[in-house]
Amino acid sequence: MQSNATRGVTIGVNAGGYVYYEEQGKGDAVILLHGHSLDRRMWQGQVPTLARHFRVITPDFRGYGRSSEMREDIHTTHCDDIIALMDSLHISRAHVVGLSMGAFVAGDMLAMHPERLISCTLCSGGIRNSPSPSEPSDSSEWAKREQEIAKLKASGIEQMKRQWTEQLIASGGTQRERMRLMLTQMIKDWSAWQPLHHEPRLFYGREAWLRLQSNSPVSVPLLVLRGETEGKTKNARELKYVSDGRQIVLPDCGHMMNMERPDEFNKVVLEFLSSHKR
């Protein structure tokens, strides 16, 4: 009998921070990684379905949800935090599903820690082509960020949040309005620390690309999901560096595919995860 109880816990991670996560179900671990400005609640349409077959873990990244706030002076990545979470829970390997920013992190894990993955699912995103933590920022980057922060403060954070919400919804198909209420609530609850500060390099980015290429072909099964109406349906670059990978385009949905088309999303993801159980 699978447990339907949801358990919420906070664990300590690198640089004095903590990560809040919830879990439900039993079996192989499935870690669901949320998007920027959102939190674990974006997966509410997936957890009950997946938890009938797996141990489903939904963390809030540092700086989001109930996890500790971000700091400008930390030297860590979201990938590091998820590995620390897995270590704390004694999870040697897990299925990882990430959407948007969560896909940046899942992509980092695919490249930097393939030995910790049973499978990897990248939704509406993948490894970033961005500077890694080993590439220090310079004075021009700092000055540009200062200008962006000043401009945002002048226009108002609430206006930015409204525009961002509409942008996410606008990428969708005919069912996009079904996600408005939850998206609006999560973005309203978001502290918006990230656009108002000098955010540290939280993704391995270019270092992850180099690692993935040098280890190619990586043997972790990879599923790439794209939303048809988002317009980014070209085959993902990551597929070239894995031995078992495929891409599926979900029709009539956009960037937030799991919230817009939960039934279709769940069917595809569950079939993939079930075909790669340990």
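Mentor: Cys79 counts as buried, at 0% relative accessibility, where buried means under 20% relative accessible area, exposed over 50% and partly exposed in between, with a 1.4 Å probe and protein chains only. This is a predicted model, in which local features need pLDDT of at least 70 and side-chain atom pairs count only at pLDDT 80 or more, while totals for chains, interfaces and linings use all residues. Residues are numbered from 1 along each chain as its sequence is written, and side-chain values use heavy atoms, with hydrogens and water left out.

The sulfur of Cys79 lies 10 Å from the closest cysteine sulfur, that of Cys120, which is too far for a bond, a disulfide being a pair of cysteine sulfur atoms within 2.5 Å. Cys120 is likewise in no disulfide, since the nearest cysteine sulfur, in Cys123, is 9.0 Å away. Cys120 is buried, with a relative accessible area of 0%, and the structure as a whole holds 0 disulfides.

The axes of helix α2 (residues 78–88) and helix α3 (residues 101–112) come within 9 Å and cross at roughly 70°. Here axes are lines fitted to C-alpha atoms, for helices over the stretch in contact, with angles running from 0 to 180 degrees between N-to-C directions, and helices (H or I, at least four residues) and strands (E, at least two) are DSSP runs numbered from the N terminus. The two helices α2 and α3 are therefore roughly perpendicular to each other, the classes being under 35 degrees for roughly parallel, over 145 for roughly antiparallel, 65 to 115 for roughly perpendicular, and oblique for the rest. On the α2 side the contact is made by His78, Cys79, Ile82, Ile83 and Met86, and on the α3 side by Val105, Asp108 and Met109, contact meaning heavy atoms within 4.5 Å. By class, the contact of α2 with α3 has 6 nonpolar, 1 polar and 1 charged residues, with Ala, Val, Leu, Ile, Met, Phe, Trp, Tyr, Cys and Pro counted as nonpolar, Asp, Glu, Lys and Arg as charged, and the others, Gly among them, as polar.

Met109 leads from this contact into the core. Of the 85 residues in the largest nonpolar core, Leu33, Met109, Leu110, Leu183, Met256 and Phe265 touch the most other members, a nonpolar core being a set of buried Ala, Val, Leu, Ile, Met, Phe, Trp, Tyr and Cys residues joined through side-chain atoms within 4.5 Å. The largest share of this core, 8 residues, comes from α3. Phe265, leaving aside neighbours within four places in sequence, is in contact with Trp43, Gln46, Val97, Cys123, Leu225, Leu250, Met257 and Asn258. Trp43 is also touched by Thr58, whose other contacts, not counting residues up to four places away in sequence, include Tyr20, Tyr21, Glu22, Leu32, Arg40 and Val47. Thr58 is found in strand β4 (residues 55–59) and counts as buried at 4% relative accessibility.

Pro217 lies in the loop between α7 (205–214) and β7 (222–227), and a cis peptide bond, with omega about 0°, joins Ser216 and Pro217. Asn215, in the loop between α7 and β7, is partly exposed, with a relative accessible area of 38%.

Two backbone details complete the view, against the background that most residues other than glycine have a negative phi, and most peptide bonds are trans. His90, in the loop between α2 and β5 (94–99), has a positive phi near 55° and is exposed, with a relative accessible area of 74%. Ser37, in the loop between β3 (29–33) and α1 (47–50), has a positive phi near 75°, but Ser37 is buried, with a relative accessible area of 0%.
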